[in-house]
Amino acid sequence: MSITHQVLNHSSLACRLAQIICRRFSASQNIRMSRHTNAKRIEGLDENVCLSHFRVLFSSVAADPSIVNLGQGYPDIPPPPYIKEALTKAVSVDRINQYTRGFGHPPLVKALSQVYGKVCGRQIDPLKEILVTIGAYGSLFNCMQALVDEGDEVIIIEPFFDCYIPMVKMAGAKPVLIPLRMKSGEKTTSSADWFLDPDELSSKFSSRTKAIIINTPNNPIGKVFTRAELQVIAELCIKHDTLCFSDEVYEWITYRGHKHVKIATLPGMWDRTVTIGSAGKTFSVTGWKLGWSIGPEHLIRHLQTVMQNTVYTCPTPLQEAVAQSLLLNYELMGQSDCYFSSLAEELEGKRDRLASILQDAGMTPVIPEGGYFMLVDVTPLNQDLSHITDDEPYDYKFVKWMIKEKKLATIPVTAFVGEESKKQFEKYIRLCFIKQDSTLDAARDILKNWSKV
């Protein structure tokens, strides 16, 4: 029996046992270890035992070559050759293997100021308005620790990247959730069919609201917020004097007919917005874990304080290689061979191919406007999972069943929403399509034989 099957077969038992063991351990240790409990700032962050168990499951999936993995969001296509060559060249220079400026390698922040200065239509100070971090994750963490206080509220749009809520709670703040909703009376075929209700959004703002987190293009839906939609958010931020943390890691991956708009470029928003980007998503090097925060000096300096007193700096050779790659593409902006646009052109074909494969299998794909994930409605399959008695949403059961029976791995979408929205999303799964054609071929072969167990 494979490691993956062992994990799947014991999934519900593992969840229950973990919860029982944690309770019993906590009780037995209460007297003699009362001074050594967890810090309050992480209280409850380990409650979702089954989600943690799912991460363990995917570690085994990644190691099992018999399973086609369209679940985890990393490319299996190669990054552009010049970024790997730039890294090789960087490590051959002795001084590049030593510490660099803690807030960002000077060549990298200069390159970022040039690229984003052009995109935003303003001069950006490379030393005062940019911070380089350990991935976009690091940027989000710095935002929460530097700018969000105990008792604050942070608005989060569902579905959301799963670290948002824990990071808000770790800062002592309260997450306030609002879901994207489907347009009434329409069959959802595009991520554009999901929208924020303006009145519902307005009701979430209060005197306690410190910030709103937006993610465009959105993971997992792939929605690209329009200028009009962002304007509604901007007006509420200004009205309530609220910050905006704009997670734009998929900013370059938008498809024909859609344009990425930075909320920081809207009137009145630069001074209250931290824009978050990612080298991993920009150049398909997710393992490099380099990100950045861009915004006004009066906000970025507080993020720099957190950075200086936590991880201090990021790997110099990686920053050097990303700097050289940004400058190369800065010169190519507007041309067909600029990676900022050519990657999206390549992925659009993969997106359309996967959508066709899913439709032929009887599922209903939600065509993303951006990013490299696709939501899929599995309701038409009418798959009976009543024999699975785990106390989990339908999509969790479906995904684990599909891994075991079909050898195809995806992600349950209720992992990206709060309790009140689980019913709305539990018939959806998320697939990743930044994959080699051979990986998509393997998924096609599985799906075209769907009726065979």
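Predicted model: local features only at pLDDT ≥ 70, side-chain atom pairs only at ≥ 80, totals over all residues.
**View 1. The protein chain as a whole.** Expect 16 helices and 15 strands here; helices (H or I, at least four residues) and strands (E, at least two) are DSSP runs, numbered from the N terminus. Of the chain's 453 residues, 56% count as buried, meaning under 20% relative accessible area with a 1.4 Å probe, protein chains only (exposed is over 50%, partly exposed in between). Take the contacts (heavy atoms within 4.5 Å) between residues at least 6 apart in sequence: 72% of them join residues at least 24 apart.

**View 2. Helices α5 and α12.** Helix α5 (residues 106-120) packs with helix α12 (residues 316-332) at an angle of about 30°, their axes 8 Å apart. Axes are lines fitted to C-alpha atoms, for helices over the stretch in contact, and angles run from 0 to 180 degrees between N-to-C directions. Among the residues making the contact are Leu-108, Ala-111 and Val-115 of α5 and Val-322, Ala-323 and Leu-326 of α12.

**View 3. The largest nonpolar core.** A nonpolar core is a set of buried Ala, Val, Leu, Ile, Met, Phe, Trp, Tyr and Cys residues joined through side-chain atoms within 4.5 Å, and the largest has 102 residues. Phe-245, Val-274, Val-322, Leu-326, Tyr-372 and Phe-398 have the most contacts inside it. Helix α13 (residues 339-360) gives the most to this core, with 9 residues. Leaving aside neighbours within four places in sequence, Leu-326 touches Leu-108, Ala-111, Leu-112, Val-115, Phe-283 and Phe-340.

**View 4. Back to Val-417.** Is Val-417 buried or exposed? Val-417 counts as buried, because its relative accessibility is 6%. Not counting residues up to four places away in sequence, Val-417 touches Glu-158, Pro-159, Phe-160, Lys-422 and Phe-425. Ile-157 is 260 residues away along the chain, yet the C-alpha atoms of Ile-157 and Val-417 are separated by 8.8 Å.

How values were computed. Residues numbered from 1 in each chain as written. Heavy atoms only, no water.
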